[in-house]
Amino acid sequence: MKPDSRETDLQGMLLGGPEAWNQWRDQNPTCSVDLFKTNLSNAILRGVNLSEADLRKAKLFRADFRWARFWHADLRGANLKGANLYSANLSGANLSGADLSNAMLYCANLRGADLRGAILNSANLMRADFSNSDLRYANLIGAKLRGAQFEGATLLCTDLLDINLSGVALDGVNLIEV
């Protein structure tokens, strides 16, 4: 199978719905998932398993990924503007340079995620867990952070303009040049 047709097959299978996709993932745990630059904008993929998938530069804006699993996924440079990632597991994911403006990340697990240079403007990050994450040079202008956890996170040169930090757990956080 040509790489382009395999990528198209994966995208088609994914758009067939999370149930069939997750069943395929369970049956093919060692198969790599290459969705580089794929377009899943506006897709409804609640609970989908995209753990360890290559989603670099993917177009995922306004997609519904509630309860989805992106454990150790590569989302560098992905467009997640307005995406719904409510209670999604993004632990260990690489989101460096990703655009998460206006995204819903309420109760999301971002423990140990790489968010260097990520854009989180006006995102709902309430009750999200950023423990041990790297947010160097990230932009959180106007984001909602109430109840978010940042224990052990790196916030070096992070833009927190118009942020209310009341109710935010910042134990062991490096706030140099914030």
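Is Arg-56 buried, partly exposed or exposed, and what is its relative accessibility? Arg-56 counts as partly exposed, at 26% relative accessibility, where buried means under 20% relative accessible area, exposed over 50%, and partly exposed in between (1.4 Å probe, protein chains only). The model is a predicted one, in which local features need pLDDT of at least 70 and side-chain atom pairs count only at pLDDT 80 or more, while totals for chains, interfaces and linings use all residues. Residues are numbered from 1 along each chain as its sequence is written, and side-chain values use heavy atoms, with hydrogens and water left out.

**Overall composition**

- The protein chain contains two helices and zero strands; helices (H or I, at least four residues) and strands (E, at least two) are DSSP runs, numbered from the N terminus.
- The protein chain has 178 residues, and 44% of them count as buried.
- Among contacts in the protein chain with a separation of 6 or more, 8% are between residues 24 or more positions apart, a contact being heavy atoms within 4.5 Å.
- The protein chain has an accessible surface of about 8400 Å², and carbon and sulfur atoms contribute 47% of it; accessible areas come from the Shrake-Rupley method with a 1.4 Å probe, and for residues only the protein chains shown count as cover.

**Helix H2**

- Helix H2 spans residues 18-27, and its buried residues are Pro-18, Trp-21, Asn-22, Trp-24 and Arg-25.
- Exposed residues Glu-19, Asp-26 and Gln-27 are carried on the face of H2 turned away from its buried side.

**Salt bridges**

- The structure holds ten salt bridges, each defined as a side-chain nitrogen of Lys or Arg within 4 Å of a carboxyl oxygen of Asp or Glu.
- One of them pairs Asp-74 with Arg-56, with 3.9 Å between the closest N and O atoms.
- This pair links distant parts of the chain, with Asp-74 and Arg-56 both in the segment after H2 and 18 residues apart.
- Asp-74 is buried, at 17% relative accessible area, whereas Arg-56 is partly exposed.
- Lys-81 and Asp-99 also form a salt bridge through their side chains (3.7 Å, N to O).
- That pair likewise links distant parts of the chain, as Lys-81 and Asp-99 are each in the segment after H2, 18 residues apart.
- Lys-81 is partly exposed at 41% relative accessibility, and Asp-99 is buried at 14%.
- A further salt bridge joins Asp-129 to Arg-111, the closest N and O atoms being 2.8 Å apart.
- Asp-129 and Arg-111 both belong to the segment after H2, and the pair links distant parts of the chain, 18 residues apart.
- Asp-129 is buried, with a relative accessible area of 13%, and Arg-111 is partly exposed at 39% relative accessibility.

**Surroundings of Asp-74**

- Not counting residues up to four places away in sequence, Asp-74 touches Ala-53, Asp-54, Leu-55, Arg-56 and Asn-94.

**Cysteines**

- Zero disulfides are present in the structure, a disulfide being a pair of cysteine sulfur atoms within 2.5 Å.
- Cys-31 is partly exposed, with 26% relative accessible area, and Cys-107 is partly exposed at 23% relative accessibility.
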